[in-house]
Amino acid sequence: MSALTAALSTASRGFPVAFMSITADRKYPAIGSPHPKNNPQRKQCRGECGQLGHGVWDASIDEDRILEMHALSRNPNGYAVACGRDPHRVLGLDLDRKNGLDGCARITEIAETIGFELPETIRVKTPSGWHIWLSLPPGVHVSNSVGKVGTISAPGVDVRSLGGGLVGPGSRGPKGTYLLDCAPDTPLAPIPSKLLDLLAVRDKPRTDSFVRGTAISSKRITGLVATVLDAKPGSRNAVLFWSACRMAEAVAEGGLSDNEARELLLTAAERIGLDHSEASVSIDSAFRTSHGRA
């Protein structure tokens with residue numbers, strides 16, 4: 001089965017897909033970024049520019065769009081399923097058995113300790129382990145993570161949510177093929193509630209809960225935090241960068257240090273489902289940009 005055929009089959013079940021190239025040592029989007037290497041948009045844009053070349057942010061279930069992406073792809077021997085996206089809002093557990101790690105055993109230990117069972121759901125056998133697909137409820141945000149489940153150390157276990165992806169079944173790389181390890185019509189199961197409690201940020205907190213106990217006297221700073229919390233999917237990274245630039249300019253008037261301001265923004269970013277590392281890089285870049293103009 002070709003990557004195109006497999007991707008169309010997966011998309012027909014409502015799972016957004018985008019093509020990727022799989023080599024012996026890495027996986028990367030099959031369509032190169034439309035933004036130059038020295039352009040900040042290369043890391044910040046999530047498809048708002050209207051062009052293809054943004055990895056899982058390009059993912060679609062539309063057949064014509066998928067065919068267009070395939071035609072523009074280089075070496076598309078695989079495809080990614082975009083996590084955290086409607087209608088299924090896939091939460092992926094990437095369990096590796098390699099380099100002395102055993103993610104399968106670790107997630108079993110965590111399940112036994114916390115008191116949940118992984119349900120029968122879509123599973124994909126990978127060259128080094130398994131992918132377990134689960135469904136997130138609406139309005140719940142989970143951050144991508146590596147080697148941990150919530151705050152629990154979990155070497156060999158990676159969590160994939162909005163902004164992340166799972167290599168789709170039927171993809172082929174030098175180390176092997178990704179194979180569906182369940183019946184083709186297996187339904188996607190909801191995430192167990194106790195596992196969700198470990199991972200999720202259920203509700204957007206009120207803005208005043210972020211600023212309580214800090215020396216903020218500026219409505220502007222409070223408003224910038226609220227702007228991040230209210231950012232809509234597809235524009236959250238851009239909103240975070242813009243808000244961080246404005247925050248850097250407003251720090252002095254609000255009585256905060258740069259570090260305190262960064263922490264407010266980073267907490268807000270994580271609460272709306274942005275990855276900690278990417279959000280931190282974006283905030284730091286915005287502060288550098290703003291201070292450079294000063």
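The model is a predicted one, so everything below describes computed features.

Start with the overall layout. As a reminder, strands of a sheet are held in pairs by backbone hydrogen bonds, in a parallel or an antiparallel manner.

Now for E1, which spans residues 17-22. On one side, E1 pairs with E3 (residues 78-82) over four bridges, in the antiparallel sense. One of the residues involved is Val17, whose bridge partner in E3 is Val81. E1 is also joined to E2, again antiparallel, by three bridges. Here Met20 has Pro29 of E2 as its bridge partner. E1 and E2 together make a hairpin, with four residues between them.

What about the side chains of E1? In a regular strand, side chains alternate between the two faces of the sheet. In E1, Val17, Phe19 and Ser21 point one way, while Ala18, Met20 and Ile22 point the other way. Both sets are buried. Because six of the six residues of E1 are buried, the strand is largely enclosed by the rest of the structure.

Technical notes
Residues are numbered from 1 along each chain as its sequence is written. This is a predicted model: local features need pLDDT of at least 70, side-chain atom pairs count only at pLDDT 80 or more; totals for chains, interfaces and linings use all residues. Side-chain values use heavy atoms; hydrogens and water are left out. Two strands pair if DSSP finds at least two bridges between them. Helices (H or I, at least four residues) and strands (E, at least two) are DSSP runs, numbered from the N terminus. Buried means under 20% relative accessible area, exposed over 50%, partly exposed in between (1.4 Å probe, protein chains only).
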